[in-house]
Amino acid sequence: MTKWVYAFGGAAAEGRSEMKNLLGGKGANLAEMANLGLPVPPGFTITTEVCSWYYAHERSFPAELTDQVEAALAHVGKLTGRVFGGTDNPLLVSVRSGARASMPGMMDTVLNLGLNHEAVAAMAKSSGDERFALDSYRRFIQMYSNVVLGVELHNFEELLELYKERKGLELDTDLTAADWKALIPDYEKTVETAIGRPFPQDPREQLWGAIGAVFKSWMNQRAITYRKLHDIPAEWGTAVNVQAMVFGNMGDTSATGVAFTRNPSNGTKELYGEFLVNAQGEDVVAGIRTPQAITEAARVAGRSDRPSMEALMPDVFRQFRAATETLERHYRDMQDMEFTVERGKLWMLQTRNGKRTAKAALKIAVDMAAEGLITKAEAVGRIEPASLDQLLHPTIDPKAERKILASGLPASPGAAQGEIVFSSDEAETLKAAGRKVILVRVETSPEDIHGMHAAQGILTTRGGMTSHAAVVARGMGKPCVSGAGSLRVDYAKETVTAGGVTLKKGDVVTVDGSTGQVLIGAIKMLQPELSGEFATLMGWADEARRLRVRANAETPNDARVARQFGAEGVGLCRTEHMFFDDERIVAVREMILADDEQGRRAALAKLLPMQRGDFEQLFEIMSGLPVTIRLLDPPLHEFLPQTEAEIEAVAHAMGANPDKLRRRAAELHEFNPMLGFRGCRLAIAYPEIAEMQARAIFEAAVAAAHKSGKPVKPEVMIPLVLALPEFEFVKARVDAMAAAVKKETGASFDYQVGTMIELPRACVRAGDIAKSAEFFSFGTNDLTQTTLGVSRDDAASFLGAYTAKGLLPADPFVTLDRDGVGELIEMAAKRGRATRPDVKLGICGEHGGDPASIAFCHGAGLDYVSCSPYRVPIARLAAAQAALGGAKSGTA
């Protein structure tokens with residue numbers, strides 16, 4: 001018989017931490033904490049296999065599950081001395097989700113399950129606190145009705161707010177037992193009106209309703225969105241954890257809280273978190289009450305006048321600190337924990353590897369390696385390469401004038417600016433239109449996941465450092481300011497007000513997630529400086545990796561940024577990008593309009609010194625590192641004006657005949673320019689273009705070598721080659737220019753000529769092409785287009801459907817198509833090396849900065865990847881992880 005249920009509690013468990021795939025992360029860690037002897041409320045986990053069964057059998061359960069759940073409930077009852085469904089001493093449980101990958105807030109939870117009219121009376125009697133029992137019941141009605149029965153929360157919130165207003169009460173905690181007695185019947189009536197039947201009083205009906213609701217929530221929209229953003233497969237499913245309730249809302253000796261063993265924002269080794277006295281878990285993250293610091297040091301740093309847990313509950317605090325130290329040593333990673341104190345007794349409710357910013361991840365990994373908890377290789381594996389984006393973008397210039405609108409909590413570091421929007425849907429819409437936005441909310445909920453992803457930064461008026469907004473923003477690497485209580489948001493008017501200043505939708509603000517400040521307008525930013533733990537960890541990564549990492553760079557600024565981030569050369573210099581300067585474009589257009597070769601050469605002569613100067617700067621900045629320069633690639637019509645107004649204006653500026661310009665644009669028009677008159681085809685039709693560019697490259701190499709005293713070895717790349725004869729035709733022009741420059745200058749220099757492999761035919765004929773080509777650089781953007789028969793510019797309209805329906809594992813323009821494009825690359829590499837064993841192989845498309853694609857390049861035996869300057873550190877780390885096997889124990 002299949003085992004569907006695994007019990008834990010009483011310092012023992014049927015599961016263990018390695019069973020995460022079966023028990024989910026929460027269930028596996030609850031079992032592990034129980035096995036470690038930590039105080040865990042007893043319970044049981046319904047496995048992820050039940051979730052798979054549920055969806056495969058029309059949302060039904062296996063026949064054996066009922067008996068296994070009943071047996072597990074009896075076991076929990078034995079450990080607690082309570083009976084589920086009993087009238088004298090009832091067992092109450094929580095029902096929570098738990099996927100193998102952490103998905104905070106994305107699925108549903110029900111607390112206080114098992115309460116009914118009889119259980120409330122028994123609970124009031126046993127606890128000696130009628131108010132506590134009634135408050136627990138109203139919470140259960142509200143949560144169960146929303147999660148299981150589909151009754152909107154605002155129905156209950158409005159009832160409560162109207163009651164408090166009528167009674168002159170401010171906080172929920174101000175309500176007495178008599179108040180809850182008066183209000184609960186209205187809650188129950190609201191449910192009956194909404195669903196057509198009374199609120200369920202049978203605890204087993206409640207339990208199976210909650211279990212089904214948790215499984216259903218695996219496919220709710222916010223969970224689907226989160227899985228898509230974090231590459232979590234739908235087939236993994238979620239487990240369900242049913243656990244005996246413990247209560248943090250049983251008076252002043254009870255509390256609940258959330259804590260991390262290290263600071264998740266900066267990585268400092270300090271207990272970090274918040275708690276609330278006389279509260280349940282959702283109160284901490286909901287932002288309804290302001291949480292208190294756990295440690296006295298944090299209270300002092302936060303200038304709070306409310307006592308810390310360390311001062312208020314010193315014995316419990318000592319137990320809790322010891323438990324956190326045990327968990328971090330055991331898991332060898334920073335832990336994110338939830339706990340409850342019930343009448344002075346500590347209970348550990350959850351532990352998991354904590355979400356953290358990239359800055360914190362780096363410090364934690366480096367510190368743990370120094371402490372001997374993990375190895376250097378493990379430290380390298382702990383950092384998600386893409387998370388380094390958080391460190392590679394501007395911060396606010398400390399010298400800039402700050403016009404502060406409000407201040408809140410520094411919930412997620414970094415700075416961002418954009419237009420104010422008040423809804424997640426609008427954030428997503430404006431992001432799609434290319435606009436930068438700041439999402440402003442009173443508080444965020446899991447339904448805001450898509451808007452948070454679309455926004456540059458998040459600002460909330462409620463919530464603490466462990467609120468939904470803070471946790472999700474840190475996980476996404478988005479700057480976030482939470483708990484800016486002086487702000488007043490008016491959704492109806494679409495305004496936000498503070499200190500007499502009112503801003504409306506569309507106004508620009510800057511949020512500084514490192515200080516908690518909200519600033520009016522766009523503030524000057526500074527480029528990041530990378531040192532400390534970043535330099536240490538990247539040094540370890542460089543020791544481990546085999547793949548070299550170059551940058552795609554055309555401008556001096558690109559080249560300097562690339563060097564700063566550790567690039568080992570330029571893998572792609574797109575010379576056409578240099579032609580769009582106002583002065584240069586005129587000469588380019590003169591060349592295109594010329595009637596003969598003599599006219600073209602005259603125009604190209606004007607471009608020669610400009611190109612030479614560009615290349616000289618690149619060579620000097622790269623200081624002896626390889627620089628690959630691609631000859632002119634795009635179709636010529638891209639340099640010509642398109643509209644009538646542009647043609648007239650350009651003709652006037654050039655002193656040219658507009659009819660001639662119009663006629664030439666028409667002649668160069670192509671129905672499919674991506675497969676048209678471009679790449680090496682330009683050099684074959686107009687060899688003088690390639691000759692000018694080659695001369696500029698070699699003259700610049702001589703000049704740069706003379707200035708720096710270091711040899712410069714340029715790599716000239718011929719684009720869009722499909723056969724050896726094409727390549728050799730253009731290479732002959734390049735070689736002729738090299739010989740001419742050597743003769744004219746008396747200088748000696750080495751150079752290589754290679755090709756950009758962008759066509760399937762070139763992959764097939766790579767062995768032939770390698771007879772002359774000294775290197776291959778795979779242009780994976782175009783190779784993907786030509787292999788899949790998909791236009792990158794038009795693919796957005798349908799590729800999303802392909803990935804959503806599982807027809808493609810990922811967008812092939814983001815992550816390399818291993819089965820198609822990847823096989824062609826491997827074929828070309830094998831055939832090229834068979835002809836020329838030392839042929840240098842790399843890629844220079846967008847895939848060069850994608851970690852999954854870099855892992856492929858490592859496995860395929862390529863020599864280097866080339867990516868945009870800001871992705872160089874990502875590529876260095878991804879290359880190291882590929883060499884080390886790619887395993888990650890933690891998360892950024």
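Analyst: Contact means heavy atoms within 4.5 Å. This is a predicted model, in which local features need pLDDT of at least 70, side-chain atom pairs count only at pLDDT 80 or more, and totals for chains, interfaces and linings use all residues. Residues are numbered from 1 along each chain as its sequence is written, and side-chain values use heavy atoms, with hydrogens and water left out.

User: Which residues does phenylalanine 619 touch, not counting residues up to four places away in sequence?

Analyst: The list leaves out residues up to four places away in sequence. With these set aside, phenylalanine 619 touches Gly624, Val627, Ile629, Ile697, Ala700, Ala701, Ala704, Val712 and Pro714.

User: How many residues does the largest nonpolar core have?

Analyst: A nonpolar core is a set of buried Ala, Val, Leu, Ile, Met, Phe, Trp, Tyr and Cys residues joined through side-chain atoms within 4.5 Å; buried means under 20% relative accessible area (1.4 Å probe, protein chains only). Phe619 and Leu388 are among those with the most contacts inside the largest core. The number of residues in this core is 130.

User: Which helix gives the largest share of this core?

Analyst: Helices are DSSP runs (H or I, at least four residues), numbered from the N terminus. The largest share is eleven residues, and it comes from residues 687–708, helix α26.

User: Which residues of α33 does α32 meet?

Analyst: On the α32 side, the residues are Arg818, Gly822, Ile825 and Glu826. Their partners in α33 are Ala852, Ala855 and Phe856.

Conventions:
Buried means under 20% relative accessible area, exposed over 50%, partly exposed in between (1.4 Å probe, protein chains only). Helices (H or I, at least four residues) and strands (E, at least two) are DSSP runs, numbered from the N terminus.
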